[in-house]
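Biologist: I would like to go through some labels and ask what each one rests on. Please set each value against its cut-off.

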Amino acid sequence: MPQLRLGRHTPRYPLVQGGMGVKISGPRLAGAVARAGGVGTIASVGLACDSPHYNGRNYFQANVKALRDALTEARAAAPEGVLAVNCMVALTDYDDHIRTACEGGADVLISGAGLPLKLPELTKDFPDVALVPIVSSLKAAQLIVRRWQKSYGRLPDGFVVETPLHAGGHLGVTKAEQVTDPDFSLETVVPELVAYLAEEGLGETLPVIAAGGIWTRDDMDALFAMGARGVQLGTIFACTEECDASPRFKQAYVEATEEDVVIIKSPVGIPGRALKSPFVARYLEGNVESSPCIANCLTHCSYRKDRQAFCIAQALIDAFNGNWERGLFFCGDNVSRCDRIRTVDDIFEEFFQNEKLSPEI
């Protein structure tokens, strides 16, 4: 088993829990994963949704306060663990999320939904925070490496490679036909990126973390054989007792079949993978409906621009609260394998029960 080093931080196990908004991966889940020896990740988007700081009008201010609270709660659960915050580049208040995560004590920043080209500038006062972009292609990773080296004289501390074939939520490609394109598969992109980093002399210091569709130890080992140094899991952790979502959200996962998983065009303008809830079914049929926009939370949003889709923030909040009729339940394509509610420790036992750890971990 490889050892995963992210800057100055080394989790006991090479497993990262994926960031799932809105508050599906909140402080309770992230703290439990970090305590178990992985990288526990808080998704910064939409944390205000059930925060006492939110009064219905102060979304941005409340979200910053909620992120601070979430980091404090997760750190209390895992004082020695490795905690990450996932911050979406597409957020209008992205800079505030990054600054708050750093000030709040995050060990790692994971950033996607756009290319985090200015992330080193935003974090220059926090050298201990590891910076890990999310990419879906070798080209995107090469662009980040070149730009960061030229503009800031530094490199990422790792890459999460999340490709669209199996992943949940927003899929990192612009066209629906790219979702099943072999050029965007983990089997293609992970070896390409590993080879590129080795050629550049970065293979030992810049680990590749594979994400999307990983469900078993065999899945993980296959990716390690391709050169990945870590894996990121999302959907499997949403079906745990510690997941911050409502019981009805988790029930939707447990009851899901393969036929329930669909691809939609998100208001962000890219494909997304979700359960075919009644809300999503109506949307796919062309019956657009939405609650009013709660905040200008995204830099690109078709609903805010021309009311052609729906307020994704509100739909994700409805899902978090367990509103099956009106919620957008993002998921990975293997959600039908969620047959029961487990614990975080159960998952770590399944993945690492026979693992002999080196003394330095």
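Biologist: Why is Phe 348 called buried?

Modeller: This is a predicted model, and in it Phe 348 has a relative accessible area of 6%. Buried means under 20%, so Phe 348 is buried.

Biologist: What makes Phe 352 buried or exposed?

Modeller: Its relative accessible area is 3%. The cut-off for buried is under 20%, so Phe 352 counts as buried.

Biologist: How do you know that Phe 348 and Phe 352 are separated by about one helical turn?

Modeller: Both are in helix 13 (residues 344–352), 4 residues apart, which means about one helical turn.

Biologist: Which other residues join Phe 348 and Phe 352 in a cluster of ring pairs?

Modeller: Tyr 13, Phe 237 and Phe 351 are linked with Phe 348 and Phe 352 by ring pairs.

Biologist: How many aromatic pairs does the whole structure have?

Modeller: The search finds 12.

Biologist: Why is the pair of Tyr 283 and Phe 310 called edge-to-face?

Modeller: A pair of aromatic rings is described by the distance of the centres and the angle of the planes. For Tyr 283 and Phe 310 the centres are 4.9 Å apart, and a pair needs centres within 6.5 Å. Their planes stand at 85 degrees; over 60 counts as edge-to-face, so that is the label.

Biologist: What does the pair of Tyr 283 and Phe 310 tie together?

Modeller: Tyr 283 belongs to helix 10 (residues 278–284), and Phe 310 to the loop between helix 11 (302–306) and helix 12 (312–320). The pair therefore ties together parts that are 27 residues apart in sequence.

Biologist: Are Tyr 283 and Phe 310 buried or exposed?

Modeller: Tyr 283 has a relative accessible area of 16% and Phe 310 has 1%. Buried means under 20%, so Tyr 283 is buried, and Phe 310 is buried.

Biologist: What makes the pair of Phe 348 and Phe 352 tilted?

Modeller: The ring centres of Phe 348 and Phe 352 are 5.9 Å apart and the planes are at 35 degrees. Stacked is under 30 degrees and edge-to-face over 60, so the pair is tilted.

Biologist: How do you know that the radius of gyration agrees with a compact globule?

Modeller: For 361 residues a compact globule would have a value near 21 Å, and the protein has 19 Å, which agrees.

Biologist: How many of the residues count as buried?

Modeller: Of the 361 residues, 56% do.

Methods:
Residues numbered from 1 in each chain as written. Predicted model: local features only at pLDDT ≥ 70, side-chain atom pairs only at ≥ 80, totals over all residues. Heavy atoms only, no water. Rg over C-alpha atoms; globule rule 2.2 N^0.38 Å. Buried < 20%, exposed > 50% of the residue type's maximum accessible area, 1.4 Å probe, protein only. Phe/Tyr/Trp six-rings, centres within 6.5 Å; stacked < 30°, edge-to-face > 60°. Helix = DSSP H or I, 4+ residues; strand = E, 2+ residues; numbered from the N terminus.
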